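Please look through the structure shown below with the following report beside it.

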Amino acid sequence: MKPLVTRNIEELRPYKPGKPIEETEREIGVKNLVKMASNENPLGPSPKAVEAIQKAAEQMHIYPDGGCYMLKERLAKHLSKYDVEPHNLIIGNGSNEVIEFIIRTFVAADENIVIGDPSFIIYRLAGISHNREEIAVPLRDDLTCDLEAIYNAVNAKTKVIFLASPNNPTGIPIYDDEFVHFMTHVRDDVIICIDEAYAEFVDDPKVLDGLQYAPYRHRLVVLRTFSKIYGLAGLRIGYGVSSADLVSYMDRVRPPFNVNRMAQIAACAALDDPAHVKKTQAVNASGRKEVEDTLTQMGVKWYPSQANFLLIDLGKPSGPVFDTLLHKGFITRQVDNYGLPNCLRVTIGTEDQNRGFIEALRESLL
Ligand SMILES: Cc1ncc(COP(=O)(O)O)c(C=O)c1O
């Protein structure tokens with residue numbers, strides 16, 4: 001008998017998200033868990049977004065605008081300093097969906113994608129699910145992205161390079177000086193996707209800002225999301241910025257009405273609340289510094305992050321510490337699936353959450 005599924009699907013191991021709060025509370029019988037596992041905004045969404053959705057709720061029987069007209073106009077205004085116009089934007093059901101579009105649109109059956117390893121696991125999963133070959137290029141020993149090795153790994157069949165800056169699970173960004181060199185040397189028929197899901201948390205001006213590369217948009221897709229700083233992860237909305245041509249190709253594979261009405265409305269409202277973004281940036285910057293300083297005092301190794309999470313190296317398998325933290329009320333993220341069995345990834349929370357986490361970690365390490 002013929003197998004019911006193709007081998008790539010048989011071998012595909014689905015994405016393992018951070019443990020959901022309710023399910024974990026039921027599992028371990030601990031109440032009021034703090035989730036520091038999925039890099040969500042600890043302050044929640046903008047109140048303006050919540051209010052806009054409440055107002056719009058009565059319209060939920062009407063299909064959304066498939067072309068996201070209002071949101072594209074609003075986003076183009078928001079990104080006008082980068083010369084972004086509505087036709088440069090593709091909106092996805094989370095930026096995850098735009099990753100799917102990129103592979104489906106541009107990578108033919110006999111072509112490959114090049115990714116850093118480890119990097120955001122969805123590039124790999126999307127590649128496997130479409131049965132596309134992947135070339136994984138190890139990060140350097142200090143977990144920085146090795147752009148030179150990535151450049152050297154590109155071959156005649158390479159179609160897309162995925163770069164995450166800041167990277168997940170490390171939080172480490174790519175610096176602009178390295179990227180300029182890389183970008184100008186990569187072949188013109190290779191598309192570079194810079195995934196900047198955490199861009200709004202970056203506070204080092206030397207970090208790559210992919211939107212500044214407007215003249216290269218004919219072979220560049222920059223991804224951003226409303227899931228992180230804007231606190232809308234539960235609504236699933238993100239976007240890509242590219243040339244009008246590349247956007248129009250991706251639009252061909254985009255399912256109709258892929259972004260729901262509430263998400264579009266909330267995203268517009270969130271853009272109208274820069275104060276919430278500023279507050280989130282401030283909470284993250286001071287929280288990240290406090291956690292880093294305390295870890296240093298405790299002699300725990302961490303990696304320099306420009307995102308809203310930290311990768312911590314415990315120097316021993318992280319499973320037991322992860323479990324102890326869980327029973328003390330903190331859900332963190334194991335990163336074994338990223339090849340980092342001694343590490344935990346922890347989202348920066350509010351001041352209270354960070355201090356609670358640090359105390360729990362201290363006790364877990366005794
Ligand atoms: C690097 C990176 N890209 C994309 C995403 C997915 O974002 P979205 O919620 O917009 O699909 C994440 C989420 O964790 C991420 O870490």
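## Helices α12 and α13

Helix α12 (residues 319-327) packs against helix α13 (residues 351-364) at an angle of about 130°, and their axes lie 9 Å apart; axes are lines fitted to C-alpha atoms, for helices over the stretch in contact, and angles run from 0 to 180 degrees between N-to-C directions. Helices (H or I, at least four residues) and strands (E, at least two) are DSSP runs, numbered from the N terminus. The two helices α12 and α13 are therefore oblique to each other, given that angles under 35 degrees count as roughly parallel, over 145 as roughly antiparallel, 65 to 115 as roughly perpendicular and the rest as oblique.

In this contact, Val 321, Thr 324 and Leu 325 of α12 meet Ala 360, Leu 361 and Ser 364 of α13, where contact requires C-beta atoms, placed from the backbone, to lie within 7 Å.

This is a predicted model, in which local features need pLDDT of at least 70 and side-chain atom pairs count only at pLDDT 80 or more, while totals for chains, interfaces and linings use all residues. Residues are numbered from 1 along each chain as its sequence is written.

## The enclosed helix α10

Helix α10 (residues 261-271) has 9 of its 11 residues buried, so it is largely enclosed by the rest of the structure; a residue is buried if 20 or more other C-beta atoms lie within 10 Å of its own, exposed if 12 or fewer, and partly exposed in between, with C-beta atoms placed from the backbone. The cover over these buried residues includes α3 (47-56) and α4 (69-78).

The axes of α4 and α10 come within 9 Å and cross at roughly 25°, which makes α4 roughly parallel to α10. From α4, Met 70, Leu 71, Arg 74, Leu 75 and His 78 meet Gln 264, Ala 267, Cys 268 and Leu 271 of α10.

## Backbone places in loops

Two peptide bonds are cis: the bond from Asp 117 to Pro 118, with omega near 5°, and the bond joining Ser 165 and Pro 166, with omega about -10°. Pro 118 is found in the loop between β3 (112-117) and α6 (121-129), whereas Pro 166 lies in the loop between β5 (158-164) and α8 (176-185).

Asn 32 has a phi near 55°, a positive value in a residue other than glycine, and with 7 C-beta neighbours inside 10 Å it counts as exposed. Cys 68, also not a glycine, has a positive phi of about 50°, but with 25 C-beta neighbours inside 10 Å Cys 68 counts as buried.

How values were computed
Two residues are in contact if their C-beta atoms, placed from the backbone, lie within 7 Å.
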